[in-house]
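Morning, everyone. Please bring up the structure on your screens. I'll keep this short.

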Amino acid sequence: MGIRGRVARLVAELPQEPEYPAQGRTLFVDLATRELQSGYTPRRILETLLSGRGANMFYLYRLLDESLYPLHPDVPLIFGSGILTGIVPSAARGNCTSWAPESGVILDSNCGDYFPSFLRMNGIDHLVLYGTCPQWSVMLIREGQVEWRDAAPYVGLDNIDMRTRVADDLGGVWARNMSMVNVTRAGEHGVLTAGIMGGPKAIYARGGTGAKMGSLRLKAIVTLGHTHEFPTPKPYKAYNRQIAQKLLGTSVVKHALSTMGTPFLYRPSRLLGAMGTKNNQETTWTDALDAEHIAPYRPGMEGCFRCPVNCRPLNDLHTGPGDKYGRGDGPEYVTLGKFGPNLGIDNVEAVIRLNNICNDLGLDTASTGSTIGWALELYQRGIITTAHTGGLELAWGDPALVEKLLFMTAERKGFGNTLADGTRAVEKDHYPPEALKYRMAVKGLMQSDPHDARILKAFALGLAVATRGMDHLRNRVTLEINAKINDDPAFKERLYGGPVSASPTSYVDKERAVRCCENIYAVGDSVGMCRFTTQLFNSPSLPGLEEFSNQIANVTGFELSPAQLDDIGLNVMGVERLINFRLGVRRKDDTLPDRWFDEPNLHGAHKGEHIDRAEFDAMLSRFYDISRLTDEGIPVTSWRNELQAALEGGSF
Amino acid sequence: MAVTVRLPAMLRRGSDTITITEPVHSIAQLVTALDHAQPGLAARLEDTIFNFAVNDEMLTYGVDHHPIKDGDVVEIVPAISGG
């Protein structure tokens, strides 16, 4: 059955009235014919997976034909906003879901800024896109109604010019009544490390979202419309104020996120000897990139829709108005690490400039930085030569070279065509098979963050089991670096629902902490809460399951206890693993790059630390046990039956 | 005895370092001494965001009893994560 048959069957099963007053519809858009269909996510799915990332997985599970390939137009691209997105402070997030062309496993990417909230303001909770536009198109959603625009004038534009032109042409005002997701030239050219831009810096990154949207010849989706409050069964604003107070009263928000943003983490990672350097050949780097050195270039902070935190640092290199890349948004910690130590660059101005270029070119800084780092190491080792690079000498610590490579990547020009294939460069015959030994990827996805996880075993397990590939935002037990928590075993036990070893290098009980984080982060993504302000990622005292439970009851009328929400988090992971299983993922794929098993850490107090294969395998088995997974990493039969009954209900 | 303690911006009252000269042999004793030098600092250091590095090495557990010796440079490091 093709995608149109699958959509027709699914739409016939969906409720045609909302399940709660604030619910938006799910809009199915055939880009080839521009036919629209809609329905509402059924209550049974909401109570199994919530909305946002969770319900996106329901739609992917039902509509995916794994006999195709990720960039096939019958493989849908799904946007979804959380159940509290646009309603609760700091819940401004939404997810974009598909089959990832970069990795070959699930694509699931989370983004904030304004689009997820403004989509809901237009009465749409999920957008399911399939088919290919007859010509490059812009989908305009104005007060809930879909209009189409010829995108010919915008083809070839990157993010900065695109945002200027669209605002001029449509007459809206960013962040007030207009939002957009768009691809850049990189997305148009099928660059596998391209993202979908959701703002000046905000990006649906990881997995090749930009290549997927570009393959549908959809240049942008723009929302226009006024913001409003939502009808709810019970008042929710008073509780919103409590959540905002809790956010702003949390030390990490007050002292770090609101003042400097995430680059704060660079210094502790560096001091720990866990800063991935030169494609993780080394693990520490210069203090010249510490957050305090970015401060002179930071004129202010901005934030997402109705978020009181404002953690996004702006930058200004003071290079004059003619320099397109002299100012912008960011960098975040990931970009700082991936374009600093990872590439051997020690100049803060250079990193900021490269950050601004990536934001314009629509390149995922995690995947792109990792891909370039991989190439630099292959060149260093003689595995590739100037014969592969078109004559370019690849050297560490050369910002001008990296800048050139970024533009070549976006255009798939010369050696940029190799870099544009990201982790797949061996599969595409650009590199010899030997190159795979130095690829810092899991399940086909380059590592998201710069942290070298040979020391912290919970970090390592999280990266291995993350359903979308090697990514810290799915389950990172960030508080493992926090000595105050490690030194309070009773508190740590309460936090994770059982004992977890105090020593970050120990394997003991780390599976429990990863399970706990994976659940709450999946719930956070499904309610629309930012990861930075969700309990456990940055602080034990940020809003968590209890606050989500209370506000879901106020907003929807659904009574879901914190324990039930925890189960929902597990369900989201379970469905993702069922989809991945259909895509060929097995236990062998829940692993780590060889380097972390075979090469010991070279620096600092943890010199000699590495991942022991037997200990890791035992920890993985324990993780499967407490996660109700079989030996191959999918839900056990009884739970699988429950999930399948919910997903394939037939009649909702 | 001289131990140099580097403070992050949010804990500073003027200088970015404090030199502790009274005898201290552990981080716990150092925190008490810091409170003498800057009253109220010990209470602020109870916040989970504040961690310690000794001679450029982050401490991730066993902090209170971590040994301190003459000439050490201790840094108070705010720790957060990012994306």
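This is a predicted model: local features need pLDDT of at least 70, side-chain atom pairs count only at pLDDT 80 or more; totals for chains, interfaces and linings use all residues.

Residues are numbered from 1 along each chain as its sequence is written, and chains are lettered from A, ligands numbered from 1, in the order in which they are written.

Start with chain A. It splits into domain 1 (3-224), domain 2 (237-442) and domain 3 (457-647). Those bounds come from an automatic or database domain assignment.

Now take domains 2 and 3 of chain A. Their centres, taken over C-alpha atoms, are 25 Å apart. Which elements supply the domain 2 side? Here, 23 residues of domain 2 contact 28 residues of domain 3. Contact means C-beta atoms, placed from the backbone, within 7 Å. On the domain 2 side, α8 (237-249), α9 (251-257), α10 (266-272) and β16 (441-442) of chain A each supply at least two residues. Helices (H or I, at least four residues) and strands (E, at least two) are DSSP runs, numbered from the N terminus. α8(A) gives the most, with 4 residues.

On to the two chains. Here, 23 residues of chain B contact 35 residues of chain A. On the chain B side, β3 (50-54), β4 (57-58) and β5 (73-78) of chain B give two or more residues. β3(B) gives the most, with 3 residues.

That's it from me. Thanks.

Conventions. Two residues are in contact if their C-beta atoms, placed from the backbone, lie within 7 Å.
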